[in-house]
Amino acid sequence: QEEVDAAREVAEREEEEAQAALRLAGRAREAQMVPPYTVRVRVAAARDLPKVDMMGSCDPYVKVRTGGREQVTETKMRTYNPDYGAEWEFEVRDKSASLQCEVWDFDRGRSDEMVGVVRVPIGKLSLDKPLDAPYKLLLPTGAPVIGHSGKNSTLLLRVEAVAPPEAGPPAG
């Protein structure tokens, strides 16, 4: 029985040490993400966009916003599957901020229509893991946008936290 108790104590101590190491690693990663954050965003493409225009097409562009700044892709005419390849860096001062990516349909002579939105919480980013995936476009209600093919519309994004530049040697 003493051996079992001693083994249990060792196992509990090892578990506590492992949990402490995980907490320290998490804090170290958070410490690397000290405001202001540099966030790099690549808008690669959109897929399966819906028919928006009366003529049954879509003329999409993407607005990307965070940290009080906005960038806009070029408009792709008459396509449900636009490729963009646009990339920007944003400085973000608030870890609770979100990156907001809105897909819009260009309408000559009328107001442009929002097709859908993707929000990525900045606080979910870490320096060692970019988020690189197709994200479902959502309506303002939170429901998914259904594309012309009957599938969910998606926005292909790569979002990553960028390490701050290394400080050079002191001047002098």
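**View 1. Salt bridges across the model.** Eleven salt bridges turn up in this structure, a salt bridge being a side-chain nitrogen of Lys or Arg within 4 Å of a carboxyl oxygen of Asp or Glu. Some of them join up: Arg-40, Glu-87, Glu-89, Asp-132, Arg-158 and Glu-160 form a linked network. Keep in mind that this is a predicted model, where local features need pLDDT of at least 70, side-chain atom pairs count only at pLDDT 80 or more, and totals for chains, interfaces and linings use all residues. Residues are numbered from 1 along each chain as its sequence is written, and side-chain values use heavy atoms, with hydrogens and water left out.

**View 2. Arg-40 meets Glu-89.** Here the closest N and O atoms of the salt bridge are 2.6 Å apart. Arg-40 sits in strand 1 (residues 37–47) and Glu-89 in strand 4 (residues 83–92), so the pair ties together parts 49 residues apart in sequence. Helices (H or I, at least four residues) and strands (E, at least two) are DSSP runs, numbered from the N terminus. Arg-40 is partly exposed at 23% relative accessible area, and Glu-89 is partly exposed too, at 37%. For these labels, buried means under 20% relative accessible area, exposed over 50%, and partly exposed in between (1.4 Å probe, protein chains only).

**View 3. Arg-65 and Glu-102.** These two side chains form a salt bridge, with 3.1 Å from N to O. The pair links distant parts of the chain, with Arg-65 in strand 2 and Glu-102 in strand 5, 37 residues apart. Arg-65 is partly exposed at 29%, whereas Glu-102 is buried at 6%.

**View 4. Asp-107 in its loop.** Look for Asp-107 between strand 5 (98–105) and strand 6 (113–121). Asp-107 is buried, at 8% relative accessible area. Setting aside neighbours within four places in sequence, Asp-107 is in contact (heavy atoms within 4.5 Å) with Asp-53, Asp-112 and Glu-113.

View 5. The structure has zero disulfides, meaning pairs of cysteine sulfur atoms within 2.5 Å.

**View 6. Helix 1 and strand 2.** Confidence is lowest in helix 1 (residues 2–32), with a mean of 62, and highest in strand 2 (residues 60–66), at 97. The score is pLDDT, the predictor's confidence in each residue, from 0 to 100. Where pLDDT is low, the predicted coordinates should not be read in detail.
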